[in-house]
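User: Please take a close look at one part of this structure and describe it in a connected account.

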Amino acid sequence: MTSPVQLVPTGCPHDCGGKCVLVAHVRDGVIERITSDEGDDPQLRACQRGRAYRQRVYHPDRLKYPLRRTGPRGSGQFTRISWDEALDTVARELLRVKEHYGPEAVLCATGPGSLTHLHRTPLVASRFFHMWGGATKLRGARSFQAIIDATNATYGVEAACHDIEDIYNSRLALLWSWNSAETGYGTNTTWHLRQARERGTRMVVIDPRYTDTAALLADQSRYIGIVPGTDAALMVAMAYVMIEEGLADRAFLDRYVLGFDQFQAYVEGRTDGVPKTPAWAEAITGVPQATIRALARDYATMKPAALLLGFGMQRTAYGEQPCRAAMALAAMTGNIGIPGGSPAGQFLRPSPIPKLPVPPNPVSATIPSQLWADALLRGGAGGFQADIRLVYVSGNNLLNQQANTNKGCQALLRPETIVVHEQFLTPTARYADIVLPVTTHLEREDIATIWHMGHSAIYMNQVIEPMYECRSDLEIFTELARRLGVAEFNGRSDREWLRAFAAEGGIPDFDRFREQGVYHFPQSQPHIAFREQISDPERHPFPTPSGKIEIYSERLAKLRRPEVPPVPQYIAPWEGRGQSKEYPLQLVSPHGKTTALSTYANIPWVQEVEPHRLWINPLDAVARGIAEGDMVRVYNGRGATLVPAWLTQRIMPGVVSLNHGHWFDPGDDGTDQAGSVNVLTLDRGTIVGDGATYHSCLVEVARACPDSISPLPRRERFG
Amino acid sequence: MTQLAFYFDPTRCTGCGTCAVACKDWNNVPAGPVSWRRIETIEDGEFPNVRVRRLLRGCLHCARPTCIPTCPVGAITKRADDGVVLVDRERCLPNCYACLSACPHRAPQFGDDGRMQMCNFCPERLADGAKPVCVAACPMRALDAGPMDHLVRAYGNGHWTEGYPDAARTSPSVIIAPEHPGSD
């Protein structure tokens with residue numbers, strides 16, 4: 001007689017924008033199956049990643065116990081130690097470094113491994129380090145710093161968006177470098193977009209690739225292929241058309257906007273002698289003039305229209321510019337503060353439910369996140385704010401996910417001590433001196449909320465006991481706090497924290513929330529940014545210095561940096577098209593469907609959804625003697641990687657694409673064997689806030705070995 | 001007999017693979033060449049005028065399955081009440097492949113044991129009044145399942161799409177949505 005199966009509602013915590021329902025089917029303490037939301041609408045259905053979670057939890061490569069390095073850093077040679085020895089060592093090292101060099105010699109390098117409310121990796125680590133006396137931190141959200149800075153400069157806030165359910169009110173939606181069909185970007189985001197399309201919203205997708213999102217929403221006539229890094233040029237040319245044809249909403253500009261005249265002067269060529277005509281933009285962007293005119297006219301006349309910015313365009317050199325230009329277009333068309341419109345701003349809205357509180361950092365030293373490796377290599381002598389002696393990593397596959405992996409490897413040889421919290425022996429963990437094994441979210445409880453759909457919360461019930469000797473990051477830091485005398489770091493159980501969060505967040509019945517696994521906040525209409533600022537500007541000015549939407553930003557003007565002009569401009573990117581004969585191909589490195597950042601790269605069910613491969617247009621492939629499925633070497637001055645080639649018409653000639661997230665695996669000659677794209681990318685930040693600029697990157701591609709047998713599985717298996 | 005069938009809207013499908021993974025998890029099919037539920041993606045055209053199409057692959061529980069008469073050991077049957085085509089894996093002759101040769105949809109799958117396996121319409125879920133796991137899983141609601149006449153009433157009677165064999169051969173129990181969706 002078999003034991004009954006228990007259904008445990010839980011969720012998924014990754015940095016994909018979605019927070020989806022998972023239901024674990026548990027028998028005798030073992031998860032036998034995972035399903036998702038089959039309840040009432042809106043169902044928060046998980047994706048291909050979440051559904052494969054059993055393979056994460058029970059993966060044979062799970063880190064089981066604490067490890068101490070025995071071989072050289074990066075060799076992956078470790079020996080098992082006890083938790084006591086591990087924590088004693090870590091505590092001793094933290095104390096030693098602090099006493100000898102000061103707390104700024106510790107770098108708290110935490111990242112988005114888990115983005116829930118309690119076990120939120122950046123918060124857990126920060127809380128510990130700030131309460132311990134502080135540590136140097138990385139500044140600049142690698143993922144979306146440029147759009148944050150642009151939103152701040154224009155509107156005076158860091159996030160400005162509509163709930164995705166408002167899209168049904170849009171006559172037109174421009175989805176710009178937006179690939180939510182693969183990346184997620186919020187549970188049900190793509191589902192809402194698709195339904196809006198079916199109900200009559202016209203959708204245009206603008207992207208260097210004909211992505212799955214383009215295929216889903218735009219079909220051929222509404223997809224616009226654009227040269228990477230040139231989005232601002234297309235936008236300012238659209239502004240040119242609107243001005244020339246008298247389509248700008250002058251009443252809106254007069255009432256709500258500062259500095260349109262200066263922007264107009266730039267667009268018309270009165271500032272630099274170059275009118276930003278559709279012909280000018282065509283030469284830069286590859287988008288035909290007629291298409292630019294039609295797009296401008298449509299966006300100006302089909303109201304309301306939602307210009308939605310994905311993050312791809314701003315992970316480029318001068319990534320603030322296309323975001324600022326988009327906001328200028330939104331203002332020129334009066335699409336701000338109205339249902340169906342969009343301010344083209346950064347759209348992660350804070351949830352009403354609190355997260356683990358973090359006191360201020362007593363240490364003020366920060367390192368620009370893109371220059372972390374330089375900082376380890378050059379320190380204070382190199383102009384950085386600290387000399388780092390100890391690197392503490394949690395929820396962050398730093399080496400793999402930051403640009404310029406090979407430089408990162410050199411950098412990680414420098415610190416005296418490296419501690420890493422991890423679930424697997426990732427490329428980053430291989431450089432640790434002490435590795436601490438961490439639970440997955442199914443082995444602990446938590447609350448999760450969804451990007452720009454702040455009105456649903458998921459209770460992530462603990463499904464099974466921690467595997468092996470794994471502990472949560474919070475438990476680990478609690479133990480360290482005890483050893484190091486950090487008073488009041490954590491005096492609560494997880495359940496107590498979560499009960500308090502739920503109460504403060506307005507969830508009326510905590511026990512019911514835990515049992516059902518989902519709570520939907522009552523909501524009369526979708527949130528719309530700046531409704532009050534537009535309907536009653538005298539009483540509700542924008543939180544900018546002038547109180548208006550700043551197309552001319554006084555804050556940016558004060559920086560006096562030509563790379564961040566006070567009005568939006570097109571600035572040609574570094575490593576842009578045509579700038580190198582040696583490395584003639586532009587490389588983009590998007591989020592794909594087979595990872596959430598670098599999570600799931602080792603999960604078989606997910607990896608077989610789509611082979612990891614380099615997108616290359618047949619023209620570029622044929623010119624290099626590359627046939628479908630050939631192993632190719634993608635290389636530039638910073639490194640090289642081997643990956644199979646996929647000849648496809650879904651990418652423009654001159655551009656190749658390799659999804660990021662696959663784990664760096666260097667061969668004897670230093671060439672990466674796994675298609676880990678960051679061996680190629682440049683570690684240089686966006687100007688204002690040091691966001692990543694992954695997509696400004698030039699490479700060359702060559703066949704790896706002429707008679708290689710294609711490792712690609714047959715097309716019929718994977719489509 | 002109330003034939004059960006699948007419905008697929010290829011224009012909603014993004015090729016995300018959630019259906020394939022959900023099926024593997026539900027049925028404990030390991031990573032590898034066996035998939036009971038697959039999506040095939042086909043592209044044509046020239047950048048930027050490209051077209052991407054998706055095809056639903058897997059057993060379509062045909063009204064006139066050609067796999068059944070070709071099986072030398074009678075391991076495949078068609079259920080009388082709901083038309084679901086099922087293989088008895090214990091009875092299957094390993095590495096025979098006769099059914100694969102006979103199936104115009106190439107539905108039969110073979111793992112390490114050489115015995116045929118394929119979509120069984122999620123009998124446990126049906127018994128609970130739930131739809132197959134791929135249908136429940138699809139984040140784009142591109143799949144549905146139920147009695148054929150219900151699906152025809154809801155979605156029309158498109159039985160064929162380019163890339164499928166002629167429907168008259170085996171009469172697959174599937175409704176495919178037309179490929180020019182929405183109005184804009």
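User: What volume does the second largest pocket have, and which residues line it?

Analyst: This is a predicted model, in which local features need pLDDT of at least 70, side-chain atom pairs count only at pLDDT 80 or more, and totals for chains, interfaces and linings use all residues. Residues are numbered from 1 along each chain as its sequence is written, chains are lettered from A and ligands numbered from 1 in the order in which they are written, and side-chain values use heavy atoms, with hydrogens and water left out.

The second largest pocket has a volume of about 660 Å³. On a 1 Å grid over the protein atoms alone, a pocket is an open set of points where a 1.4 Å probe fits, with protein on both sides within 12 Å along at least five of seven lines; lining residues have an atom within 4 Å of a point. Grid points are joined across faces, edges and corners, and the volume is the space filled by probe spheres set on the points.

The lining of this pocket comprises 27 residues, and A:Leu7, A:Val23, A:Thr35, A:Ser36 and A:Glu38 lie nearest the centre. Two or more lining residues come from each of β1 (6–11), β2 (21–27), β3 (30–35) and β19 (518–520) of chain A, and also from α4 (123–127) of chain B. Here helices (H or I, at least four residues) and strands (E, at least two) are DSSP runs, numbered from the N terminus. The largest contribution, four residues, is that of β2(A).

By class, the lining holds ten nonpolar, seven polar and ten charged residues. Ala, Val, Leu, Ile, Met, Phe, Trp, Tyr, Cys and Pro count as nonpolar, Asp, Glu, Lys and Arg as charged, and the others, Gly among them, as polar.
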